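Please examine the sequence and the structure shown below.

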Amino acid sequence: MSNLMNTVEQNCDSADAPCSAIETILSPRVANLGGFSVRRQLPTAKRKMVGPWVFFDEMGPAEFPAGQGLNVLPHPHIGIATVTYLFEGEILHRDSVGSYQPIRPGDINLMVAGSGIAHSERERPEITATHHRLHGLQLWLALPQEHEETAPAFHHYPEDDIPAVEIDGVPVRVMIGSAYGVTSPVLKFSETLYLEATLKTGQTLALPQAPERAVYVASGALRAHGSELPTHSMTIFSRQPGVAITATEDTRIAVIGGEPLGKRFIEWNFVSSSKARIGTAREDWRAGRFEKVVGDEEAYIPY
């Protein structure tokens with residue numbers, strides 16, 4: 001999705017954690033984007049990235065009456081792979097490499113921007129014709145420097161292809177990377193972790209080890225190492241072994257992490273290890289040098 005907020009980085013709204021297992025607890029910046037809200041966790045003034053993850057938004061939940069819906073015009077990206085994951089609803093993805101893919105709950109959609117791609121996110125007419133809901137996550141993965149200029153591509157992984165395990169009674173889906181003895185088929189360019197889990201009240205889940213890791217509470221609430229982790233918080237955990245979280249009510253979480261890649265610059269929808277490369281991308285978009293979104297060639301989001 002395009003970065004629709006005026007600034008990429010959210011204000012610093014965090015509390016230093018009271019124990020060594022927890023580094024920081026972040027609260028989101030919330031923006032109303034005309035019909036639905038977006039909660040931004042990354043980047044923040046205090047925490048730019050978690051592993052290779054450079055951007056983390058929760059969109060919705062939103063209710064759209066018949067005739068309305070998500071309508072994000074074509075816009076560009078470089079230097080990242082975007083991950084779209086829905087809890088509810090459907091998004092129609094089109095891009096400049098010719099992809100046409102309805103995104104549905106449980107699927108993983110990985111768009112590799114690399115040297116440059118444009119895409120749009122709309123809804124099919126049969127969806128907008130009825131009252132409907134939309135709720136999900138939009139994440140950006142920074143690419144390692146040796147892959148920042150890789151050819152753009154799109155990969156769709158249906159729900160049934162994503163491995164699921166049960167850990168001490170807690171259902172977990174391993175969306176990207178490896179954890180709990182299983183490995184996701186989703187393409188990755190560096191050590192990356194992305195999980196989803198749903199805990200019932202009182203259940204505990206031990207977190208997998210990773211060089212960096214964070215837990216986002218999409219709904220419900222957790223307790224971990226003496227701290228309360230409320231709905232819509234993101235908790236950055238240390239590498240300390242034996243870290244576990246316990247649900248104080250029925251809770252849905254996302255776990256992200258992996259190996260840090262070093263500093264990245266972000267301007268609008270462009271991410272790079274080079275400020276000069278971002279300047280080139282900016283001028284390319286202004287001059288119309290990006291490839292057009294196939295089947296969606298007319299309108300676009302200006303820089």
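A residue is called buried under 20% relative accessible area, exposed over 50%, and partly exposed in between (1.4 Å probe, protein chains only). This is a predicted model, in which local features need pLDDT of at least 70 and side-chain atom pairs count only at pLDDT 80 or more, while totals for chains, interfaces and linings use all residues. Residues are numbered from 1 along each chain as its sequence is written, and side-chain values use heavy atoms, with hydrogens and water left out. Helices (H or I, at least four residues) and strands (E, at least two) are DSSP runs, numbered from the N terminus.

**Backbone features**

- Asp168 has a positive phi of about 55° although it is not a glycine.
- Asp168 belongs to the loop between strand S14 (164-167) and strand S15 (170-176), and because its relative accessibility is 67%, Asp168 counts as exposed.
- Tyr180, which is not a glycine either, also shows a positive phi of about 55°.
- The loop between strand S16 (178-179) and strand S17 (182-183) holds Tyr180, and this residue counts as partly exposed because its relative accessibility is 24%.
- The peptide bond from Leu42 to Pro43 is cis, with omega near -5°, and Pro43 is located in the loop between strand S4 (37-42) and strand S5 (53-64).
- Gly60 and Pro61 are likewise joined by a cis peptide bond, with omega of about 5°, and Pro61 is placed in strand S5.

**Strand pairing**

- Two strands are said to pair if DSSP finds at least two bridges between them.
- Strand S20 (212-219) runs antiparallel to S25, and seven bridges join the two.
- Within this pairing, Val215 stands opposite Val255 in S25.
- S20 is also joined to S23 in the antiparallel sense, by four bridges, and Arg213 has Phe237 in S23 as its bridge partner.
- Strand S2 (residues 22-26) pairs with S23 over four bridges, again antiparallel, and the partner of Leu26 in S23 is Met234.

**Burial in the strands**

- S20 is mostly covered, with seven of its eight residues buried.
- In a regular strand the side chains alternate between the two faces of the sheet.
- In S23, Met234 and Ile236 point one way, Thr235 and Phe237 point the other way, and all are buried.

**Nonpolar cores**

- A nonpolar core is a set of buried Ala, Val, Leu, Ile, Met, Phe, Trp, Tyr and Cys residues joined through side-chain atoms within 4.5 Å.
- In soluble globular proteins, nonpolar side chains tend to be buried together.
- The largest nonpolar core has 29 residues, and Phe56, Val83, Ile108, Tyr194, Met234 and Ile256 have the most contacts inside it.
- Elements that each supply at least two residues of this core include S5, S10, strand S12 (132-142), strand S23 (234-237) and strand S25 (251-258).
- S7 gives the most to this core, with four residues.
- A second, separate core has 28 residues, including Ala197, Leu205, Ala224 and Phe237.

**Cavities**

- On a 1 Å grid over the protein atoms alone, a cavity is a set of points where a 1.4 Å probe fits but cannot get out, and its lining residues have an atom within 4 Å of a point.
- Grid points are joined across faces, edges and corners, and a volume is the space filled by probe spheres set on the points.
- By this rule, the model has two cavities of 30 Å³ or more.
- The largest cavity holds about 50 Å³ of space, and its lining includes Pro52, Leu141, Lys188 and Thr192.
- For residue classes, Ala, Val, Leu, Ile, Met, Phe, Trp, Tyr, Cys and Pro count as nonpolar, Asp, Glu, Lys and Arg as charged, and the others, Gly among them, as polar.
- Six nonpolar, two polar and one charged residues make up the lining of the largest cavity.
- The second largest cavity holds about 30 Å³ of space, and Thr82, His93, Met111 and Glu121 are among the residues that line it.
- Strand S7 (80-88), strand S10 (108-112) and strand S11 (117-122) are the elements that give two or more residues to the lining of the second largest cavity.
- That lining has two nonpolar, six polar and one charged residues.

How values were computed. On a 1 Å grid over the protein atoms alone, a cavity is a set of points where a 1.4 Å probe fits but cannot get out, and a pocket is an open set with protein on both sides within 12 Å along at least five of seven lines; lining residues have an atom within 4 Å of a point.
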